[in-house]
Amino acid sequence: MLQLSGLGCTDACHTGSAGAVSPWGEGGFLCCYHFSANACLAPICSLHHVAVTTVEGIGSTKSRLHPVQERIAKSHGSQCGFCTPGIVMSMYTLLRNQPEPTMEEIEDAFQGNLCRCTGYRPILQGFRTFARDGGCCGGSGENLNCCLNQKEDHTVTLSPSLFNPEEFMPLDPTQEPIFPPELLVGDADALGRGPATSGCHEARETLVKHTSGDLCALALWVFLSSSDTGGQAPVSHTPKGTHTSRIHMSVGGNIITASPISDLNPVFMASGAKLTIVSTGTRRTVRMDHTFFPAYRKTLLAPEEILLSIEIPYSREGEYFSAFKQTSRRDDIAKVTSGMRVLFNPGTVQVKELALCYGGMADRTISALKTTQRQISHFWNEGLLQDVCAGLAEELSLAPDAPGGMVEFRRTLTLSFFFKFYLTVLQKLGKENSEDQCGKLDPTHASATLLFQKDPPANVQLFQEVPKGQSEEDMVGRSLPHLAAAMQASGEAVYCDDIPRYENELSLRLVTSTQAHAKIKSIDTSEAQKVPGFVCFISADDVPGSNITGICNDEMVFAKDEVTCVGHIIGAVVTDTREHAQRAAQAVKITYEDLPAIITIEDAIKSNSFYEPELKIEKGNLTNGFSEADNIVSGTGAQCNLGEWVGPGLGRGRGLLRNHSPFRQVGFMKTGRVVALQVEHYSNAGNSMDLSQHVSRMHPCILGVVNGKSKAGPTSIGLLTSCLIFVFFSRENCWKKRGLSIIPTKFGISFSNPFLNQGGALIHVYTDGSVLLTHGGTEMGQGLHTKMVQQASSPVASVSAAHLHVTSGKSSPLSASVSSSEACQTILKRLEPFKKKNPSGSWEDWVMAAYLDAVSLSATGFYKTPNLGYSFETNSGNAFHYFSYGVACSEVEIDCLTGDHKVRIWDWVQAVGSESLTALQVEGAFVQGLGLFTLEELHYSPEGSLHTRGPSTYKIPAFGSIPSVFRVSLLRDCPNKKAIYASKAVGEPPLFLAASIFFAIKDAIHAARAGNMDHKMKKLFQLDSPATQEKIRNACVDKFTRLV
């Protein structure tokens, strides 16, 4: 591990997600090539003859920011800042290699960088200024968001950009550091980044001679070989992965690690590649076939052998080859991979050779030998397609509990991939062959062979500028960049794990339950006490006061006698270092007596496991409504659908989200008018109540999992949507479908518990004019400090924002804002006499005069949200202080064969009042919603353990996930009289609008199912959120899904 002292190499993630270094080497082969790397994943040995530059080395707030750092900061591309150094170094590396990149190259450079809280659009828009194809289009009409295409409105001033590119420092490549001359080497590199010369070969011979045991082999040569000419041509390729990880990969390493989901191994196996293997005094060549991987992570290589070269044969006349890979994201690891090859007898479409190789379908890369051998001498037509699919369904079976899950999806993909291969070959044969034995390509099937292409981004955020008469000193409503953005971009921001250790500092590590529900029989710390630096073990017996905690007093600081979820805190070990604390915590042995565990909402309903009291909202007389109805339909969400009876407009958009909303009973008239509706909602409240009941307003189920309430609000909003079908596109494309959905949202702003809606603020004004503001809000990276500076500098109009310094607490932003304003007004009143005496004076003059007159320059403010309090018993009172409104329209396209989807267009309008910092909030909320409704799926084991606990298993959106056309309009002409400066909350409200993508996907699936009329299926279907590739593919029922 490369451990650097700079703060930019963030330490807390421990997963390689935030590294920020840019190593660069120079030699005959690389000729000074720059590449970015994850600091915590780069081995020291990989830096031989390499210069390393960290994010701190390219610019600083104390001297001068680099243009990359400046542009990401001023374009609102940094929010929490945790990921910013890594993004900066990815862009910096690209510019060192390509000073004038294209937008496609910029997007590719960010594969592996994650930063969903910004929404990605601001980052791309800021870095677009570096691209040679990213400037003004000159009114050519090719850019949908061209400023010349905007309608003129003289009542408001619309702005399509939060920054002025002309203010940026120009990029000057001549001012970058040169490569250190003392690191220069010859034409070859001993680590294998250059050509295979005799010197390198001798180094390998020496390495083999002096190494025993396992050795990670590295292939230095990959070449194509032609049996006709005997010529060889080198191939430059690295395995598919993130941009930073591919730099440290090699083709040979991809082969020798023998990953069962490798993307290259099925390709090599299907192509019949030959591998040259060497050891001391020996050299042999083996063909990479079905015998090369005898078992999981095993190859035919002996421990003392290394892989020297790979020979890939050229394709012959009448030979066709394709490769396929299915991933959750564009830059992600694969679920299923494949390499497929067919060779026809000369001048015919009769199969001579057929190779179908797969990854992700066993514990190693496999070849479907039984299926392919049966196809020899068969013709490439519908009969062969049916026989191959039936054979693959039989040969490539998976156990129901196979590692990786998604059994039906993965098996279906093997058939879908071959169908795509079959169509691809038909397309090529159609141009070359007209034999009767050859199948004919249905024109409506042609789009199945096309991949989703990432179109050049056409993204814009339109917002109304402040009124023309507003003072320049008044920062409210202006696009002020995040106060900490420059420090975050330069790696100077300090996070918790960046704080240096104090002398005699101790480290604490929690000991948590491994059982979902059990009695604690004993806790044995004897082994933990043997760990060096062990100090003590803390448990419930050591709590001096009450061990009870939580808003509802139903939690414990440490579990006592019984645990109620996996991860329940039982105790903690204290040692001298973090490493010792981790070892000691793992050494604590806990004996359990298992108790019945409830893991799912279905189990909770069966067991009647709910928190009390039950919340109910009833309007009108339900009994009378049902008695007057002409028709009454009963059922659950999975059994029945309201739209089936009272009209398609109601039923088309229904989909179950993270929480369950079973439909119970509906009464309606002959005309379709609903007169009575009874619905019961259930939510996952985990093992403690907390705010679950107030947030979701459902039956909170008691489950043996950790309480997860944070996203319950948006998912509990019930909205009926009307989706339009793209009839023409669906008719012309059998295996690609499009869907459309428009969704409004009305989001209530306030905590339901009245006592949570309060906050205080403290202001100190110092004699030099600087102001220290301490408020009750929580700065989580969303820019609350920046908002406070804007609002506090407005009442004290002569104070520059640079004079304000902010610290925070943990109350709501509204409470923090109003209480801060109140404290500011108190200070202003005290300064008023001094301003009258010296009207031409400065802020510093008035402050000093007040100080000399012994006037207090400190003040407090306090605010509580008025008129809150809703009663479920009487259905009266105010649950919210005000509402935030928005609407979004999504157009998506799905691949019915793989379940992949692409968000083509996303239009969004959000009312923000006179909000002062919307740029950092709205798009981040959308991208988090995009993940919530399409990617981020939680998987629990039957025992209640969470499987998806990191970026390798829990997938969040990346740069390539955002829509191709992403248009955001922020409306300020909708002032909110109930909040300070007529602003509105913009953090959570937009999150639910991403559900329009979910319902657009469902609309597209509906079109796919409607197009398969030969397969009898119900018109109505259930689609649970998130709409992952697995769920989309399984819902698009067709002849392939029925085979598995």
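Modeller: We shall discuss a sheet, a helix and some aromatic rings in this predicted model.

Colleague: Let us take the sheet. In what order do the 4 strands of the open sheet lie?

Modeller: In general, the strands of a sheet pair through backbone hydrogen bonds, and the pairing is either parallel or antiparallel. In this model the order is S10-S11-S12-S13, with antiparallel pairing. Strand S10 (319-327) and strand S13 (366-367) are the edge strands, each of which pairs on one side only.

Colleague: Over how many bridges do strand S11 and strand S12 pair?

Modeller: Strand S11 (residues 334-344) and strand S12 (residues 351-359) are joined by 8 bridges in the antiparallel sense.

Colleague: Turning to helix H1, which of its residues are buried?

Modeller: As a general idea, an α-helix has 3.6 residues a turn, so residues three or four places apart point the same way. Helix H1 (residues 67-74) is mostly covered, with 7 of its 8 residues buried. These are Pro67, Val68, Gln69, Glu70, Arg71, Ile72 and Ala73. The cover over the buried residues of H1 includes helix H2 (84-97), helix H4 (121-127) and helix H12 (485-489). Just after H1, His76 adopts a positive phi of about 65°.

Colleague: Where does the charged end of Arg71 sit?

Modeller: The charged end of Arg71 is placed over the ring of Phe130, 3.9 Å from the ring centre. Elsewhere, Arg738 lies over the face of Phe729, at 4.0 Å from the centre of that ring.

Colleague: I come now to the aromatic pairs. Why is the pair of Phe110 and Phe959 described as stacked?

Modeller: One compares the ring planes, and planes under 30 degrees apart count as stacked. The planes of Phe110 and Phe959 stand at 25°, with ring centres 4.7 Å apart, so this pair is stacked. Phe110 belongs to the loop between helix H3 (103-109) and H4, and Phe959 to the loop between helix H24 (922-934) and strand S37 (965-971), so the pair ties together parts that are 849 residues apart in sequence. Phe110 is buried, at a relative accessible area of 1%, and Phe959 is buried at 2%.

Colleague: At what angle do the planes of Phe419 and Phe1040 stand?

Modeller: Their planes are at 45° and their centres 5.0 Å apart, so the pair of Phe419 and Phe1040 is tilted. Phe419 lies in helix H11 (residues 407-432) and Phe1040 in the segment after helix H26 (1029-1035), so parts 621 residues apart in sequence are tied together. Both Phe419 and Phe1040 are buried.

How values were computed. Residues numbered from 1 in each chain as written. Predicted model: local features only at pLDDT ≥ 70, side-chain atom pairs only at ≥ 80, totals over all residues. Heavy atoms only, no water. Pairing = 2+ DSSP bridges. Helix = DSSP H or I, 4+ residues; strand = E, 2+ residues; numbered from the N terminus. Buried < 20%, exposed > 50% of the residue type's maximum accessible area, 1.4 Å probe, protein only. Contact = heavy atoms within 4.5 Å. Phe/Tyr/Trp six-rings, centres within 6.5 Å; stacked < 30°, edge-to-face > 60°. Lys NZ or Arg CZ within 6 Å of the ring centre and 35° of its normal.
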